[in-house]
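I am opening these notes to keep track of what I looked up in the structure, entry by entry.

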Amino acid sequence: MNRRKFLGLGLAAAALVPAALNATDFRTEKPDMWKAEKMEDAIKAIYGDAKVTEDKVSIKAPKLAENGGAIPVFVKSDIEGAKTVALFQDANPRSAVAVWTVPENGIIDYGIKIKMRKTGKLTAIVEDKDGNLFSKVLPVEVSIGGCGG
Amino acid sequence: MKVKAKLKGDVIKVKVLAKHANVGPEEGEKKKVEANFITSVVAKCNDKVVYELSGSGFISKNPLFKFQFKGAKKGDKVEVTWTDLKGKTETKAKAIK
């Protein structure tokens, strides 16, 4: 192996490693989505104008949440090779709650506890490998609001 | 932070309980404390990322994260790291049971 080839290999390896190990930080990459007040604006800020189909995704959350400060939410999907999963709601001052980057061969079955100020709708969106968007909307009734409200 | 990882069949089920006040901007104003929340959670197993989340102030106080992944065996370590708005991080590793 000559020197030039060797250096080239090193460069390729250096370029590959951070991509495999580092997290995609949506807070720095898509700052607008976290500021959006409306759900539609937040979705647009992260995924652009792509069409959203309500299919293939499921959300599990209590129909009536007694404590809006900690609502257990599960997002599930069988879409293979999905890239990202995003969770939104329309009860708080801003819409975006969390975004997951699905690792290679990852299983989409994410549990998280969230805050909701009042009764509202949850929306989960899964982006598949071709950029198609699938969603699920689920209303949640909140009796005591979380989020300081 | 508490981490639990359990092998069931060929799937590893992981629960992460982070200790964090997770105060959003509006909530902080009301309670007269500074807003600070977990902005990212990353879990790795055998040098591979198995979980990645970017969060907001609307995740609950002392949040619980649950997820599953494949491709590891008993005794392998799952390493979870969270980062908050002020840049503080906490890491914990736990062997899969």
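**Entry 1: chain B as a whole**

I looked up burial first and found that buried residues (under 20% relative accessible area, with exposed meaning over 50% and partly exposed in between, 1.4 Å probe, protein chains only) make up 49% of the 97 residues in chain B. I note at once that this is a predicted model, in which local features need pLDDT of at least 70 and side-chain atom pairs count only at pLDDT 80 or more, while totals for chains, interfaces and linings use all residues. Residues are numbered from 1 along each chain as its sequence is written, chains are lettered from A and ligands numbered from 1 in the order in which they are written, and side-chain values use heavy atoms, with hydrogens and water left out.

I then listed the secondary structure: chain B has 1 helix and 7 strands, in the order β-β-α-β-β-β-β-β along the sequence. Helices (H or I, at least four residues) and strands (E, at least two) are DSSP runs, numbered from the N terminus. The C-alpha trace of chain B spans about 45 × 20 × 15 Å along its principal axes. Among the contacts in chain B with a separation of 6 or more (contact meaning heavy atoms within 4.5 Å), 56% are between residues 24 or more positions apart.

**Entry 2: strand S3 of chain B and its partners**

S3(B) is mostly covered, with 7 of its 8 residues buried. On pairing, which requires that DSSP finds at least two bridges between two strands, I noted that S3(B) runs antiparallel to S6(B), residues 77-84, and that 7 bridges join them; in this pairing Lys44(B) stands opposite Glu79(B). S3(B) also pairs with S4(B), in the antiparallel sense and over 6 bridges, and there Ser40(B) has Ser54(B) as its bridge partner. The hairpin of S3(B) and S4(B) has 2 residues between the strands, and Asn46(B) takes a positive phi near 50° in it.

I also looked at Thr81(B), which lies in strand S6 of chain B. Leaving aside residues up to four places away in sequence, Thr81(B) touches Ser40(B), Val41(B), Val42(B), Thr89(B), Glu90(B) and Thr91(B). The side chains of Thr81(B) and Thr91(B) make a polar contact at 3.2 Å, the term being a pair of N or O atoms within 3.5 Å, where within protein one must be able to donate a hydrogen and the other to accept it, and residues adjacent in sequence count only if both atoms are side-chain atoms.

**Entry 3: where chain B meets chain A**

How many residues of chain B are in contact with chain A? I found 33 residues of chain B in contact with 35 residues of chain A. The area buried between the two chains (accessible area, 1.4 Å probe, that two parts lose on being put together, summed over both) is about 2,700 Å², and carbon and sulfur atoms give 54% of it. Glu52(B), Ser54(B) and Phe58(B) supply 29% of the area that chain B buries against chain A, more than any other three residues.

H1 (25-31), S3 (38-45), S4 (48-55) and S5 (64-70) of chain B each supply at least two residues of the side that touches chain A.

**Entry 4: salt bridges**

A search of the whole structure gave 5 salt bridges over all chains. One of them joins Glu34(B) and Lys86(B), whose closest N and O atoms are 3.6 Å apart. Glu34(B) lies in the loop between H1 and S3 and Lys86(B) in the loop between S6 and S7 (89-95) of chain B, so the pair ties together parts that are 52 residues apart in sequence. Both Glu34(B) and Lys86(B) are exposed.

In chain A, Asp109(A) forms a salt bridge with Lys76(A), with the closest N and O atoms 3.9 Å apart. Asp109(A) lies in strand S7 and Lys76(A) in strand S4 (residues 71-77) of chain A, so this pair ties together parts that are 33 residues apart in sequence. Asp109(A) is buried at 12% relative accessible area, whereas Lys76(A) is partly exposed at 41%.

Note on methods: A salt bridge is a side-chain nitrogen of Lys or Arg within 4 Å of a carboxyl oxygen of Asp or Glu.
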